[in-house]
Amino acid sequence: MSSVLGVSVGAGAVRMARPHLGNPGGPIGAHAFDLQHIAVNGHPMAELTAQAIGVTVASSPEPTATAIAYRSEEHAHGIRAAMARQQLTNYELVPEVVAALEFAEATGDIRGISSLVVYDLGSSGLSVSVVDTQTREVRYSERTSDISGDYLDSLIREQQIASGRIAHPQDPAGLAALDALCCEAKEQLSINTAVALPSEHGLVLLAQENFEALIMLAIESSARMARDVIVRSDRPVHGVLAIGGCARIPLIPRVLERWMGVPVIVPESPETVMARGAALLARQLRPSRQVAPAPVPGPAAGPPGPDELSPAWLSAPPKKHGKRGVSAAVLTVSALAVVAAIGLGLGYGPQVLTRDSQSTDKSTPSPTTTAPRTTTLEPQIVVSPAPTTESEVPAAPPPRRAATTTPPPPEPGPNTIVVPGLPPIVVPTIPPVIIPGFPGPGQ
């Protein structure tokens, strides 16, 4: 058996179909599927469907993809809830009309028909739908429970009781048993001209002619409903697809063709059409590919991956200045301290600093892009960064600034002290001090 399963859920039975694997490309008929019929017998349809699917899937050696035909959104909601309670997930829901069209197209029964009426007469009611076979779009649809297989069974039961051969059952269980016997008689009359079935209540005896006369009004009423659906759809149709258990009755295609004037197609085993169509729509379960994780490069691996190529300003450690840069800074500070000490010792510290500031301001105009110079006791010191080694990651270069031109310093005079790294320091000339009793300068 294949690993796909088609299921149709009816009021009277749950039907399951599995296509054979040994006949690819061959004719798709009832013998090309393994069919299973499970009578509802008063059990909840959705729960019975989920339990039957669970047992079938558990007994399969391979993962099974399941397609379930549903009639309405309410019907689909009940199926989903029941499947969730059974913890079944590998399934899909397909509309009953789409499943029926899938099977009819696979068999070639509706070849050349672009607009079709799907006439589905089952045990619980009649559904009539006008469908575009190219797009599988339902143009118009109606459903009624006034005409059904159960209603036809009740007509046989009442006729048998009225004939006097069958006693009326006194309890619901006896009535249900008689209805089941009448349903069996209806099914046998689809291939036989007469039927006789014994029961504890008497003998069910019915001929084909009597049966057709009994159900004629109901079948003509269903044909009238189908014609009204075509009129409301405002679409011309080219054929009728009759499915469901009651489509086996020979009277139905004759009445439909007479009322609508188009060919009526009745597939083999019409009650299993939706289950077989759902099996053709079921998709095989494809195992997901297992993707092996990428190997993690070790210390001796090749070039680094994308995650390792982070910007330098995120991954570079703080720079350490070399010994040469530190030594130059120490020497410059030491020289400055010596000069400041000499000036303060002679009493000219404030004048030196003030005059130096004034001379600098006069000789060097301050550019607009730099902050104004302030006079402090400790001049600012700029230390050039030491060159980086090969092991350090180069940092991002600083943004460029507009280059400024500084005029050359003035020529040093006789009273000018030049210290590397500092502006020239002009020492003022000390005026002569005349002391009484001592000769002045030049005397």
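First, the conditions. This is a predicted model, in which local features need pLDDT of at least 70, side-chain atom pairs count only at pLDDT 80 or more, and totals for chains, interfaces and linings use all residues. Residues are numbered from 1 along each chain as its sequence is written, and side-chain values use heavy atoms, with hydrogens and water left out.

The overall make-up. The protein has 11 helices and 14 strands. Helices (H or I, at least four residues) and strands (E, at least two) are DSSP runs, numbered from the N terminus. Of the 443 residues in the protein, 36% are buried. Buried means under 20% relative accessible area, exposed means over 50%, and partly exposed is in between, with a 1.4 Å probe and protein chains only. For contacts, meaning heavy atoms within 4.5 Å, take those with a separation of 6 or more: residues 24 or more positions apart account for 64% of them.

β1 and β2 are antiparallel, with 4 bridges, and they form a hairpin with 3 residues between them. In this pairing S8 is opposite R15 of β2. On to the next pair: β2 and β3 are also joined in the antiparallel sense, over 7 bridges, and A13 has A39 of β3 as its bridge partner. How much of β2 is buried? The count is 6 of its 7 residues, so β2 is largely enclosed by the rest of the structure.

Next, an open sheet. It has 5 strands in the order β8-β7-β6-β11-β12, and the pairing is mixed. β8 (137-144) and β12 (264-265) are at the edges with a single partner strand each, so one side of each has no neighbour in the sheet. The partner of β8 is β7 (residues 126-132); the two run antiparallel and are joined by 7 bridges. L126 is opposite T144 of β8. As background, side chains in a regular strand alternate between the two faces of the sheet.

There is one more hairpin to point out. β9 and β10 form it, with 2 residues between them. S199 is opposite G202 of β10.

On to the cores. In soluble globular proteins, nonpolar side chains tend to be buried together. A nonpolar core here is a set of buried Ala, Val, Leu, Ile, Met, Phe, Trp, Tyr and Cys residues joined through side-chain atoms within 4.5 Å. The largest has 43 residues, and those touching the most other members are Y119, V128, I215, V240, I249, I252 and L256. Helix α6 (residues 208-233) gives this core its largest share, 9 residues. Apart from this core lies another of 28 residues, including A17, F103, A104 and L241. Going back to I249, its contacts beyond four places in sequence are L152, K186, S190, F211 and I215.

Now the second largest pocket. On a 1 Å grid over the protein atoms alone, a pocket is an open set of points where a 1.4 Å probe fits, with protein on both sides within 12 Å along at least five of seven lines; lining residues have an atom within 4 Å of a point. Its volume is about 1,100 Å³, where volume is the space filled by probe spheres set on the points, and points are joined across faces, edges and corners. There are 44 lining residues, and G12, A13, R15, S123 and C183 are the closest to the centre. Helix α5 supplies the largest share of the lining, 7 residues.

G277 is in helix α8 (residues 273-281). Is G277 buried or exposed? Its relative accessible area is 0%, so it is buried. Beyond four places in sequence, G277 is in contact with A99, E102 and F103. G277 and A69 are 208 residues apart in sequence, with 8.6 Å between their C-alpha atoms.

E47 is in helix α1 (residues 45-58). Its relative accessible area is 21%, so E47 is partly exposed. E47 touches A82 and R85, leaving out residues up to four places away in sequence.

Conventions. Two strands pair if DSSP finds at least two bridges between them.
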